[in-house]
Amino acid sequence: MRKIVGQVTESEKRDILKINNHKNSLEELLQILPEKSDLYLQALSDLNKTKKMYQEWWDTYYAKYQWEKGEREWSIIFDTNEIVIDI
């Protein structure tokens with residue numbers, strides 16, 4: 001079951017959506033590239049930077065909004081901009 005613990009603005013949602021889409025694309029790309037190839041290593045480096053940006057977004061907006069914490073990480077419902085946790 002999910003509990004809504006907050007909401008972000010449209011602009012804030014767009015920022016995390018862009019980061020999330022980039023992260024997902026890189027994760028998929030790494031599944032098809034030959035390991036240890038130059039392109040694989042570049043994608044892996046980019047993924048690590050993107051994951052850091054992803055976490056920084058969540059840290060920034062947690063500090064701003066002080067969302068309730070749950071048993072697992074927060075997630076966002078992109079259609080409604082709502083922040084939810086599993087309870």
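Two rings of Phe, Tyr or Trp form an aromatic pair if their centres lie within 6.5 Å, with the six-membered ring used for Trp. In this predicted model, a search of the whole structure finds nine such pairs. One of them joins Trp57 and Trp58, edge-to-face, at 4.8 Å centre to centre and 85° between the planes.

**Aromatic rings**

- A pair of aromatic rings is described by two values, the distance of the centres and the angle of the planes.
- Trp57 and Trp58 are both buried.
- Trp58 also pairs with Trp67: the planes stand at 65°, so this pair is edge-to-face, with ring centres 5.8 Å apart.
- The cut-off behind that label is an angle over 60 degrees.
- Trp58 and Trp67 are both buried.
- Which residues form one aromatic cluster? The members are Tyr54, Trp57, Trp58, Tyr61, Tyr62, Tyr65, Trp67 and Trp74.
- Tyr54 has a charged neighbour as well: Lys23 lies over the face of its ring, 4.9 Å from the ring centre.

**Helix H2**

- Helix H2 runs over residues 38-65 and has 28 residues.
- From first C-alpha to last, H2 reaches 41 Å, close to the 40 Å expected at 1.5 Å a residue.
- The buried residues of H2 are Tyr40, Ala43, Leu47, Thr50, Tyr54, Trp57, Trp58 and Tyr61.
- An α-helix has 3.6 residues a turn, so residues three or four places apart point the same way.
- What do the buried residues of H2 pack against? They pack against helix H1 (10-32), E2 and E3.
- Just after H2 comes Gln66, with a positive phi of about 55°.

**Helix H1**

- H1 has 23 residues, which should span 33 Å at 1.5 Å a residue; the end C-alpha atoms are 33 Å apart, so the two values agree.
- Buried in H1 are Glu12, Lys13, Ile16, Ile19, Asn20, Lys23, Leu26 and Leu30.
- The cover over these buried residues of H1 includes H2 and E2.
- Asn20 is found in H1. Its relative accessibility is 14%, so Asn20 counts as buried; the cut-off is under 20%.
- Beyond its neighbours within four places in sequence, Asn20 is in contact with Tyr54 and Phe78.

**Strands**

- Strand E1 (residues 2-7) pairs with E3 in the antiparallel sense, over five bridges.
- Gln7 stands opposite Glu82 in E3.
- E2 also pairs with E3 in the antiparallel sense, over three bridges.
- Ile76 has Ile83 in E3 as its bridge partner.
- Is E3 enclosed or open? Four of its five residues are buried, so E3 is largely enclosed by the rest of the structure.
- In a regular strand the side chains alternate between the two faces of the sheet.

**The turn at Asn81**

- E2 and E3 form a hairpin, with four residues between them.
- Asn81 lies in this loop, between strand E2 (75-77) and strand E3 (82-86).
- In the turn, Asn81 has a positive phi of about 70°.
- Is Asn81 buried or exposed? Its relative accessibility is 7%, so Asn81 counts as buried.
- What does Asn81 touch, not counting residues up to four places away in sequence? Its contacts are Gly6, Gln7, Val8, Thr9, Glu10, Lys13 and Ile76.

Conventions:
Residues are numbered from 1 along each chain as its sequence is written. This is a predicted model: local features need pLDDT of at least 70, side-chain atom pairs count only at pLDDT 80 or more; totals for chains, interfaces and linings use all residues. Side-chain values use heavy atoms; hydrogens and water are left out. Rings of Phe, Tyr and Trp (its six-membered ring) pair if their centres lie within 6.5 Å; planes under 30 degrees apart count as stacked, over 60 as edge-to-face and the rest as tilted. Buried means under 20% relative accessible area, exposed over 50%, partly exposed in between (1.4 Å probe, protein chains only). A charge sits over a ring if NZ of Lys or CZ of Arg is within 6 Å of the ring centre and within 35 degrees of the ring normal. Helices (H or I, at least four residues) and strands (E, at least two) are DSSP runs, numbered from the N terminus. Contact means heavy atoms within 4.5 Å. The expected span of a helix is 1.5 Å times one less than its number of residues. Two strands pair if DSSP finds at least two bridges between them.
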